[in-house]
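Here are my notes on the model you sent over.

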Amino acid sequence: MMSFDVLEEMIKNIFSSSFLDGHNVEFLWHAGEPLLAGIKFYEKAISLIEKYNVKNIEVHQSVQTNAIPITDQWCDFFAKHNFNVGISVDGPKFLHDKNRRNWSNKGSFDQVMRGFCKLRSHDIGTGALCVLTREHLDYPEELFKFFIENGFESVGFNIEEIDNANLTSSLNLDKNIISSETLIRFRTFFSKLYDIWLPYSGKFDIREFQDFFNVSNLKISDSSYVREPDETKNLGIVTIHKNGDISPFSPEFAGAESEKYNNFIIGNVFEDKFDDLMFKNEYQVIYRDIEKKKESCQKECQYFSICGGDYASNSYFESGDISQTHSTACKLLRQELSDILLEKLIKTKYESDGKYSMAI
Ligand code: SF4
């Protein structure tokens with residue numbers, strides 16, 4: 001648990017930063033199960049935000065939960081404070097329960113859906129975060145049906161990644177090579193998913209499709225456009241650990257061990273002001289390698305303008321080197337997925353000429 005002292009110092013520090021001038025800020029409560037901190041913790045956070053937000057910065061609050069602790073009281077709290085609630089659920093029971101098991105080794109699906117139904121009964125719209133394992137790739141119809149029929153508003157697909165404690169991925173048995181079989185299954189999965197989803201576009205968001213279309217539109221309206229991912233921006237994402245330690249860039253870096261990068265800790269809310277962090281050596285060592293990766297990506301990769309050299313934490317966890325260009329995640333979610341969606345859009349253009357830009 002983060003103590004109230006750390007919570008207060010963190011919030012005070014955030015709102016005193018000149019980085020927020022002209023911007024808004026999102027607090028995303030996640031890692032472990034954030035609702036176990038209890039409603040009182042979040043009420044305290046809200047009162048501290050009101051106290052220190054003297055410049056009236058626009059604040060958004062989100063929480064990523066397994067939904068198990070959700071009660072009517074939580075629903076009232078989320079509705080009152082306009083929380084954006086994301087649920088971690090890996091699709092229908094037979095898929096979810098394979099990997100999401102509790103301490104008694106029982107699948108958690110029924111408990112998760114109980115929490116989700118509570119949210120629905122309070123009319124709280126919810127998005128899902130679904131981890132794709134090798135097995136999921138055989139079930140695009142079943143997955144889509146599950147999310148639509150249960151009334152989720154959106155879904156984002158994370159692939160099962162190698163990161164921190166997760167030392168292997170069922171999608172990539174050999175760290176450095178994605179098998180041709182995995183590639184074919186991945187392509188077939190997203191191709192089918194796109195076809196099933198298309199009639200529902202505008203009513204139900206699939207994050208990966210929406211993200212691609214947003215970037216495509218920007219690229220079409222300005223051919224010099226290059227994506228700038230939050231995870232590569234100076235303090236675009238900052239992760240605060242429960243003891244007040246601060247990690248920059250990808251949230252996945254928080255908790256990772258690395259001698260070179262000082263375990264990805266660049267300071268502590270009790271000792272460092274946000275405005276000073278970028279000048280610290282601990283920050284610069286990581287930043288230089290993030291920049292090096294971006295430069296190499298720009299030279300080597302034809303997807304650079306729609307990617308921006310993202311996925312630094314995946315490069316690190318797979319190769320031990322942030323500046324490595326490729327990773328399983330970027331290969332699958334950026335390169336393969338872009339090819340699949342571009343192919344779909346070009347097909348749409350030829351099947352119904354003149355509707356290309358509408359499809360985008
Ligand atoms: S797709 Fe991979 S290699 Fe290409 S720019 Fe993105 S991170 Fe770099």
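1. Start with the stretch where strand 4, helix 6 (residues 140-149) and strand 5 make a right-handed β-α-β unit. Keep in mind while you look that this is a predicted model. The two strands of the unit, strand 4 (residues 126-132) and strand 5 (residues 154-159), run parallel and are joined by six bridges. If you want a spot to check by eye, Leu129 sits opposite Gly156 in strand 5.

2. Six strands make it up, in the order 1-2-3-4-5-6, and it is an open sheet with parallel pairing. Strand 1 (25-29) and strand 6 are the edge strands; each has a single partner strand, so one side of each has no neighbour in the sheet.

3. Next, the pairings on either side of that unit. Strand 3 (residues 84-88) runs parallel to strand 4, with four bridges joining them. Here Gly86 has Gly127 in strand 4 as its bridge partner. Strand 5 also pairs with strand 6 (residues 205-206), again in the parallel sense, over two bridges. In that pairing, Ser154 stands opposite Asp205 of strand 6.

4. Which residues touch the most other members of the largest nonpolar core? They are Phe78 and Phe147, in a core of 100 residues. The biggest contribution comes from helix 13 (residues 328-351), which supplies eight residues. Both domain 1 (4-207) and domain 2 (230-340) are represented in this core, with at least three residues from each.

5. Phe147 is worth a click of its own. Setting aside neighbours within four places in sequence, Phe147 is in contact with Val89, Gly91, Ala128, Cys130, Phe152, Val155, Phe157 and Phe204. For orientation, helix 6 covers residues 140-149, while strand 4 spans residues 126-132 and strand 5 spans residues 154-159.

6. Finally, the domains. The assignment for the protein chain gives domain 1 (4-207) and domain 2 (230-340). Their contact takes 27 residues from domain 1 and 29 residues from domain 2. The C-alpha centres of the two domains lie 21 Å apart. How much area do domain 1 and domain 2 bury between them? The figure is about 2,500 Å², with 66% of it on carbon and sulfur atoms. As background, accessible area lost when the parts come together is often how the size of an interface is given.

Conventions:
Residues numbered from 1 in each chain as written. Predicted model: local features only at pLDDT ≥ 70, side-chain atom pairs only at ≥ 80, totals over all residues. Heavy atoms only, no water. Pairing = 2+ DSSP bridges. Right-handed = clockwise from strand over helix to strand, strands pointing away. Core = buried A, V, L, I, M, F, W, Y, C linked by side-chain atoms within 4.5 Å. Buried < 20%, exposed > 50% of the residue type's maximum accessible area, 1.4 Å probe, protein only. Domains from an automatic or database assignment. Contact = heavy atoms within 4.5 Å. Buried area = accessible area lost by both parts, 1.4 Å probe.
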